[in-house]
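Welcome! Please take a moment with the chain below before reading on.

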Amino acid sequence: QVQLVESGGGLVQPGGSLRLSCAASGNIFSLYDMAWYRQPPGKQRELVAIIASYGTTNYVDSVKGRFTISRDNAQNTMYLQMNSLKPEDTAVYYCNADPRYGGLHPFGSGGQGTQVTVSS
């Protein structure tokens, strides 16, 4: 199983920015389409953005124009640049494979996540 470790979260004021990182062990990260998810307090985990192995991206409407997903396959790392943050972006953020794999991927349940809190 490939390990995933998320980092970069923190407390930020509304309108601020954060950059999250997702580091994968091993060398097969580049073969998979990956995604960022988030779980707001008291709610279910939701998809935020997807990036294909070759770089094509998709976003949920609520983050379009504010978040940018990217990856560096040479470093086995994925990023989420979050700008113009809103209180409703408060959540634990996780990385894992594209949900369309249906769990058929080597990343298991993923990492522990990183907390993002947007508050004044």
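What follows is a short tour of a predicted model, from its sheet to its charged pairs.

## The sheet

Let's begin with the strands. Six of them make up an open sheet with mixed pairing, in the order β2-β10-β9-β4-β5-β6. At the edges stand β2 (10-12) and β6 (57-59); each has a single partner strand, so one side of each is left without a neighbour in the sheet. On average, neighbouring strands here are turned by 25° against each other, direction ignored.

Now look at one pair within this sheet. Strands β9 (residues 91-97) and β10 (residues 114-118) run antiparallel and are joined by three bridges. Here Tyr 93 faces Thr 114 of β10.

## A buried charged pair

Side chains of opposite charge can pair when their charged atoms come close. In this model there are five salt bridges. One of them connects Asp 89 with Arg 38, at 3.0 Å from N to O. The two partners are 51 residues apart: Asp 89 sits in the loop between β8 (77-82) and β9, while Arg 38 belongs to strand β4 (residues 34-39).

Asp 98 and Arg 100 form another salt bridge, at 2.7 Å from N to O. Asp 98 is buried, with 2% relative accessible area, whereas Arg 100 is exposed, at 65%.

Lys 64 pairs with Asp 61, their closest N and O atoms lying 3.1 Å apart. Lys 64 is partly exposed at 48% relative accessibility, and Asp 61 is exposed at 63%.

Key: Residues are numbered from 1 along each chain as its sequence is written. This is a predicted model: local features need pLDDT of at least 70, side-chain atom pairs count only at pLDDT 80 or more; totals for chains, interfaces and linings use all residues. Side-chain values use heavy atoms; hydrogens and water are left out. Two strands pair if DSSP finds at least two bridges between them. Helices (H or I, at least four residues) and strands (E, at least two) are DSSP runs, numbered from the N terminus. Axes are lines fitted to C-alpha atoms, for helices over the stretch in contact, and angles run from 0 to 180 degrees between N-to-C directions. A salt bridge is a side-chain nitrogen of Lys or Arg within 4 Å of a carboxyl oxygen of Asp or Glu. Buried means under 20% relative accessible area, exposed over 50%, partly exposed in between (1.4 Å probe, protein chains only).
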